[in-house]
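I opened this notebook to record what I looked up, one topic per entry.

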Amino acid sequence: MASARRPLVAGNWKMNGWQRSAADLAKIIAGARELAARIDIAVCPPATLIADFAARAGGSAIMIGGQDCHAEASGAFTGDISAEMLKDAGAQAVIVGHSERRSIHNETDAQVCAKALAAWRAGLIAIVCIGETRAERVAGHTNTVVRTQMDGSLPDGATAENLVVAYEPVWAIGTGLTPTPADVAEVHGAIRQRLGDRYDAAGQGVRILYGGSVKPSNAAELMHIANVDGALVGGASLKAEEFVAIAGVYR
């Protein structure tokens with residue numbers, strides 16, 4: 001893990017969370033206070049909670065983010081939310097291209113790229129997700145899939161300030177399965193190489209998160225692998241104690 005890159009631990013709450021979940025946010029804010037000098041921490045709740053959470057997190061070490069955005073700033077897109085709306089609600093980042101969006105909603109790399117550009121247009125950090133399926137890994141296509149997704153999903157002009165890449169092996173999300181440390185090191189190394197090839201020096205500053213069944217029991221091992229600059233946490237981020245424990249590996 002390169003010391004020049006400030007770690008980021010982000011929680012993706014997916015379609016979970018209620019007004020009463022503000023109590024969980026309060027626990028995360030309290031638990032993260034002593035970590036603020038060393039790492040960045042983000043919570044990405046459902047859109048219904050972003051404005052409230054952003055207000056509650058104001059002045060704390062916690063950044064609030066969205067889970068998706070539309071490529072357009074406004075228009076006749078019933079049910080969609082623009083990056084500008086997320087910004088207006090107090091968000092500072094947005095996840096785009098999550099495997100669930102790619103698979104369930106059939107999002108293409110080109111659409112993910114357009115959403116990342118929209119995030120930048122609104123002044124948000126784009127957390128762009130990439131990762132292979134189990135079939136692709138078994139077939140030995142992991143590096144090809146990851147590179148193809150990067151080339152198609154990442155816009156030109158990326159910097160350490162506007163882009164985060166999250167590698168999520170699809171077969172590990174919510175399954176309790178995780179790649180070996182050697183597997184993670186290999187893929188993250190390939191991602192780092194491609195970022196450098198694409199963005200030159202700026203690519204060396206872009207953070208690469210690992211996601212896929214990250215929990216307190218495996219966080220320390222995963223977070224200290226070369227080129228792993230933090231985590232995108234799913235289920236464990238819904239439990240304040242577990243999420244803070246994961247972030248706490250950077251104490």
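Two strands count as paired here if DSSP finds at least two bridges between them. The model I am reading is predicted.

**Entry: the barrel**

I looked up how the strands are arranged. With that pairing rule, 8 strands close into a barrel, in the order β1-β2-β3-β4-β5-β6-β7-β8, and the pairing is parallel. From one strand to the next the twist averages 25°.

I then went through some of the neighbouring pairs. Strands β2 and β3 run parallel and are joined by 3 bridges; Ala42 stands opposite Met63 in β3. Strand β5 (residues 125-130) runs parallel to β6 and is joined to it by 5 bridges. In that pair I noted Ala126, which stands opposite Leu163 in β6. Between β6 and β7 I found 4 bridges, again in the parallel sense, and Ala166 has Leu209 in β7 as its bridge partner. Strand β7 (residues 207-211) is joined to β8 by 2 bridges, and these two run parallel. The bridge partner of Gly211 in β8 is Leu232.

How many of the residues of β6 are buried? I take buried to mean under 20% relative accessible area. In strand β6 (residues 163-167), 5 of the 5 residues are buried, so the strand is largely enclosed by the rest of the structure. In a regular strand the side chains alternate between the two faces of the sheet. I therefore listed β6 by face: Leu163, Val165 and Tyr167 are on one side, Val164 and Ala166 are on the other, and all are buried, so both faces are covered.

I repeated this for β3. There too 5 of the 5 residues are buried, so β3 is largely enclosed by the rest of the structure. Ile62, Ile64 and Gly66 lie on one side, with Met63 and Gly65 on the other; all are buried and both faces are covered.

**Entry: nonpolar cores**

I asked which residues have the most contacts inside the largest nonpolar core. That core has 66 residues, and those with the most contacts inside it are Val43, Ile62, Ile64, Leu163, Ile191 and Leu195. Not counting residues up to four places away in sequence, Ile62 touches Leu25, Ile28, Ile29, Ala32, Ile41, Val43, Ala57 and Gln92. Another core, of 14 residues, lies apart from the largest one; among its residues are Ala42, Val164, Ala166 and Leu209.

**Entry: helices**

I looked up helix α1 (residues 22-32) next. It lies across β2 (40-44) and β3 (62-66), and runs at about 135° to β3.

For a helix pair I turned to α5 and α7. Two packed helices are described by the angle between their axes and the distance between the axes. Helix α5 (residues 109-121) and helix α7 (residues 142-153) pack at an angle of about 50°, and their axes are 7 Å apart. That angle makes α5 oblique to α7. On the α5 side the contact has Asp109, Ala110, Val112, Cys113 and Ala116, which meet Thr148, Gln149, Gly152 and Ser153 in α7. I sorted the residues of this contact into 4 nonpolar, 4 polar and 1 charged.

**Entry: two asparagines with positive phi**

Asn106 has a phi near 55°, a positive value in a residue other than glycine. Asn106 lies in the loop between α4 (99-104) and α5. Is Asn106 buried or exposed? It counts as exposed, at 58% relative accessibility.

Asn227 is not a glycine either, and has a positive phi of about 70°. Its place is the loop between α10 (216-223) and β8 (230-233). Asn227 is buried, with a relative accessible area of 18%.

**Entry: Arg6**

Where does Arg6 lie? I found Arg6 in the segment before β1 (8-12), and at 31% relative accessibility it counts as partly exposed. Arg6 and Gly205 are 199 residues apart in sequence, yet 9.1 Å apart in space, C-alpha to C-alpha. Leaving aside neighbours within four places in sequence, the contacts of Arg6 are Ala36, Ala37, Arg38, Ile39, Asp40, Arg207 and Asp229.

Key
Residues are numbered from 1 along each chain as its sequence is written. This is a predicted model: local features need pLDDT of at least 70, side-chain atom pairs count only at pLDDT 80 or more; totals for chains, interfaces and linings use all residues. Side-chain values use heavy atoms; hydrogens and water are left out. Axes are lines fitted to C-alpha atoms, for helices over the stretch in contact, and angles run from 0 to 180 degrees between N-to-C directions. Angles under 35 degrees count as roughly parallel, over 145 as roughly antiparallel, 65 to 115 as roughly perpendicular and the rest as oblique. Contact means heavy atoms within 4.5 Å. Ala, Val, Leu, Ile, Met, Phe, Trp, Tyr, Cys and Pro count as nonpolar, Asp, Glu, Lys and Arg as charged, and the others, Gly among them, as polar. Buried means under 20% relative accessible area, exposed over 50%, partly exposed in between (1.4 Å probe, protein chains only). A nonpolar core is a set of buried Ala, Val, Leu, Ile, Met, Phe, Trp, Tyr and Cys residues joined through side-chain atoms within 4.5 Å.
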